Amino acid sequence: VIFTSFSRATSQHIAMGNTVAQDFKAAHPEELNENGTVKVCIGGGAGFIGSHLAKKLKEEGCYVVCADWKDNEFMEPSEFCHEFLKLDLRLLENCVTATKGCQHVYNLAADMGGMGFIVSNQSVLLYNNTMISFNMLEAARQNGAKRYFYSSTACVYNEDLQTDPANPGLREDMAWPANPQDTYGLEKLYAEEMALAYAKDFPIKTRVARYHNVYGPRGTWKGGREKVPAAFCRKAVVSTEEFEVWGDGLQTRSFMFIDDCVNGSILIMLSDCVEPLNLGTDEMVDMNEFARIAMGFAGKDLPIKHIPGPMGVRGRNSDNTMIKAKLGWAPSIPIRTGLKETYDWIKAQIEAESAGGASTAAYSSSEVVAQVTDTLDELTK
């Protein structure tokens, strides 16, 4: 089983199956449906993290309902869920439909992307994500859900604490006083507070994880919404003369492989921890080093070309003291291990496109996505 008890986990139990184990069921019979299983709703279930989480929970014996406004690019619904509902979760009535009869609700739904998308779409993200976060939480309450998981982000942290590339790690108490760099982080921070308030006022257990830069295969790797790991893997495959990096490349981040993210999310959801928890590794690299790691998988050592582009904060790392104290576990998959798996998958995608006659030359660059309001305009159609 994944837990020895459901308040503390140990690393040797991770990925051994039966997450919703017999001891949890015995301790929480009120969280089971009539046949002794857990019905789970995953908002944003067609997304990168959501689909991986859904797949894991389905394998563990949960009945999984996924809701999203888009289809998954890389998996058929039957691979990761029992029911797939194509719904706009900005609307309360759709959230109520999605969460009906579910004991556990995971809200991973968000309009998002990498820095090249966030910097030019802040108003749109603020509106869309506010509506999704509040309506999914209220729908879970209306439908009598027992537990609610909210996927927050390391972007909630105060920008003034992230000016040094040698960031020693951001503790959970550093989110206040609030000063996130962008509105994406601000929305996540007040949605955290909404979840905490609901847990105080209503009979629903809310859990919050602050994700730190999640990556892995079967995720967006082109088009402008991709994040740094996918972009760097893609560039490593196709670049021949130089490797483009936005800014001076000295900005630092920690990165978490998708398997750690999925396991950690489930551990947090089923735990007794009521406070928001960091969910990320504390292995920090700067972007120049990260680029060299990616190039190394391709057997390349190209000169790095620093070009203008959004860089985000100068330094961000996860302090894992609290998650280790609360769960006895923390993400641990090394960057080189996870990135190699991601690189191999992206390389296969590019090779498939090339075999079909598509040009892949443009994949050596990243783009800043222009502001688009199509999702807002659709609300009144």
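A298 is partly exposed, at 25% relative accessibility; the bands are buried under 20% relative accessible area, exposed over 50% and partly exposed in between, with a 1.4 Å probe and protein chains only. The structure is a predicted model, in which local features need pLDDT of at least 70, side-chain atom pairs count only at pLDDT 80 or more, and totals for chains, interfaces and linings use all residues. Residues are numbered from 1 along each chain as its sequence is written, and side-chain values use heavy atoms, with hydrogens and water left out.

**Around A298**
- A298 sits in the loop between α10 and β13 (304-307). Helices (H or I, at least four residues) and strands (E, at least two) are DSSP runs, numbered from the N terminus.
- Leaving aside neighbours within four places in sequence, A298 is in contact with A236 and Y343. Contact means heavy atoms within 4.5 Å.
- K340 is 42 residues from A298 in sequence, and their C-alpha atoms are 9.9 Å apart.

**Helix α10 against helix α12**
- Helix α10 (residues 287-297) packs on helix α12 (residues 335-355) at an angle of about 55°, with the axes 10 Å apart. Axes are lines fitted to C-alpha atoms, for helices over the stretch in contact, and angles run from 0 to 180 degrees between N-to-C directions.
- The two helices, α10 and α12, are therefore oblique to each other. Angles under 35 degrees count as roughly parallel, over 145 as roughly antiparallel, 65 to 115 as roughly perpendicular and the rest as oblique.
- The crossing of α10 past α12 is right-handed.
- From α10, F290, I293, A294 and F297 meet I335, R336, L339, K340 and Y343 of α12.

**Helix α6 against helix α7**
- The axes of α6 and helix α7 (residues 183-201) cross at roughly 15° and come within 9 Å. That makes α6 roughly parallel to α7.
- α6 passes α7 in a right-handed crossing.
- Residues of α6 in this contact include L125, L126, F134 and L137; those of α7 include Y184, Y190, M194 and Y198.
- Q142 also belongs to α6. Q142 is partly exposed, at 41% relative accessibility.
- Beyond four places in sequence, Q142 touches L92 and V96.

**Helix α4**
- N94, C95, A98 and T99 are the buried residues of helix α4 (residues 92-99). Seen down the axis of α4, they fall within an arc of 125°, so they line one face of the helix. The arc is that of the directions from the helix axis to the C-beta atoms.
- These buried residues pack against β1 (39-43), β2 (63-68), β3 (83-86), β4 (104-107) and α6 (122-142).

**Nonpolar cores**
- The largest nonpolar core has 66 residues, and I42, L57, Y106 and Y211 have the most contacts inside it. Such a core is a set of buried Ala, Val, Leu, Ile, Met, Phe, Trp, Tyr and Cys residues joined through side-chain atoms within 4.5 Å.
- Another core lies apart from the largest one; it has 22 residues, among them C41, A67, A98 and M136.
- Contacts of Y211 beyond four places in sequence include I49, L108, F149, M256, C261 and L279.

**H28**
- H28 lies in the loop between α1 (22-27) and β1. H28 is buried, with a relative accessible area of 13%.
- Not counting residues up to four places away in sequence, H28 touches R147 and K205.

Note on methods
A crossing is left-handed if the near helix is turned anticlockwise from the far one by less than a right angle, and right-handed if clockwise.
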